[in-house]
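Let's take a walk through this model, from its loops into its helix packing. Have the structure open and follow along.

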Amino acid sequence: MKQQDNVLQLDAAYPKLAKKASDGMYCYAIQRRISPYISLFCVRKGITANAATGIDMLFAILAAWSLSQGHYVLGVILIQTFSLWSCVDGEVARLTKSPSKLGDFYDTMTDRSAEFLIFASVLYSMPSSAISPSWGTLFFFYIGMVFLITASSEKFRSVYHKNYPKSEHERVFSWLCAGSDTRFLYLCVAILFYIFTGNASVIEWLVMALSFLLGINFIFRLWKISTFPIEVSD
């Protein structure tokens, strides 16, 4: 048993469980240094990868509820907990050699559902004096840009049978907007700024900036993929 535990710890050593090609920079540099400890705990306790995905979604729902009720500090903590747990299900699957297409599908659906719920809850929680019709438009464009950038990643994976290598081709965008890990990090910073200043415009400007950057990222990605060597299908 001790020998097996030593093997697990070696397998979980940073950055063996990371996905360098497709991880966001914040995820790869920071979160992947912490998540293996949680993943090892899950493996030892018999928590499966799919169960870890369910726990992750629970954190997202709790974060969205906390933010909608104006409990911003708790919301920030839960957002970061969710973001960290987003690494765990895949790591557990790799540690236990039990990856599955269904698990991968639910992992992606959890991430996108969580982003929709969390950003919607933040905007919902803003005082009526700070809300204008432009907020709804901003949220529409933001979610639309997230959909496009995510769809481009998933279509690339279905066509090329590998994850889109963000770290290789989009290092700058990985720090700015390409990964949900980074977008959640900036949202948390904006929420903390709002807590201390009461200035809701910082969140409005963040959503606007992220939408704009995601649009540029999407166009850049379309161009970049067009430069890849052409692979002829059978």
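H161 counts as exposed, at 68% relative accessibility; exposed here means over 50% relative accessible area, buried means under 20%, and partly exposed is in between (1.4 Å probe, protein chains only). You'll find H161 in the loop between α7 (133-160) and α8 (166-169). Helices are DSSP runs of H or I with at least four residues, strands are runs of E with at least two, and both are numbered from the N terminus. The backbone is worth a look too: H161 is not a glycine, yet its phi is positive, near 60°.

Before going on, keep in mind that this is a predicted model, where local features need pLDDT of at least 70 and side-chain atom pairs count only at pLDDT 80 or more, while totals for chains, interfaces and linings use all residues. Residues are numbered from 1 along each chain as its sequence is written, and side-chain values use heavy atoms, with hydrogens and water left out.

K97 also has a positive phi, about 55°, without being a glycine. K97 sits in the loop between α5 (88-95) and α6, and with a relative accessible area of 67% it is exposed. Step back into α5 itself and the picture is mostly one of cover, with 6 of its 8 residues buried. Those buried residues are V88, D89, E91, V92, A93 and L95.

D23 lies between α1 (2-11) and α2 (25-45), and at 5% relative accessibility it counts as buried. What does D23 touch, not counting residues up to four places away in sequence? The list is A18, Y28, R32 and K166, where contact means heavy atoms within 4.5 Å. L10 is another matter: D23 and L10 are 13 residues apart in sequence, and their C-alpha atoms are 21 Å apart in space.

On to the helix packing. Two packed helices are described by the angle between their axes and the distance between the axes. The axes are lines fitted to C-alpha atoms, for helices over the stretch in contact, and the angles run from 0 to 180 degrees between N-to-C directions.

Start with α3 and α4, whose axes come within 8 Å and cross at roughly 160°. That makes the two roughly antiparallel; the cut-offs are under 35 degrees for roughly parallel, over 145 for roughly antiparallel and 65 to 115 for roughly perpendicular, with the rest oblique. On the α3 side, the contact residues are A52, I55, D56, F59, A60, L62, A63, S66 and L67, and they meet Y72, L74, G75, L78, I79, T81, F82 and W85 of α4. By class, this contact has 13 nonpolar, 3 polar and 1 charged residues. (Ala, Val, Leu, Ile, Met, Phe, Trp, Tyr, Cys and Pro count as nonpolar, Asp, Glu, Lys and Arg as charged, and the others, Gly among them, as polar.)

Helix α4 (residues 72-85) also packs against α10, with axes that come within 10 Å and cross at roughly 170°. So α4 and α10 are roughly antiparallel as well. Residues making the contact include V76, I79 and F82 of α4 and F184, L187 and I191 of α10.

Next, look at how α10 (residues 180-197) meets α6 (residues 101-125): they pack at an angle of about 15°, with their axes 12 Å apart. This pair is therefore roughly parallel. The contact brings together R112, A114, E115, I118, F119 and V122 of α6 with S180, R183, F184, L187 and I191 of α10. These divide into 7 nonpolar, 1 polar and 3 charged.

L206 is buried, since its relative accessible area is 13%. Leaving aside neighbours within four places in sequence, L206 is in contact with Y186, L187 and A190.

Finish with the aromatics. A search of the whole structure finds 15 aromatic pairs, counted when rings of Phe, Tyr and Trp (its six-membered ring) have centres within 6.5 Å; planes under 30 degrees apart are stacked, over 60 edge-to-face and the rest tilted. The F59 and W85 rings have centres 5.9 Å apart and planes at 45°, so this pair is tilted. F59 belongs to helix α3 (residues 49-68) and W85 to helix α4, 26 residues apart. W85 counts as buried, at 12% relative accessibility. Elsewhere, F82, F119, Y142 and F184 form one aromatic cluster.
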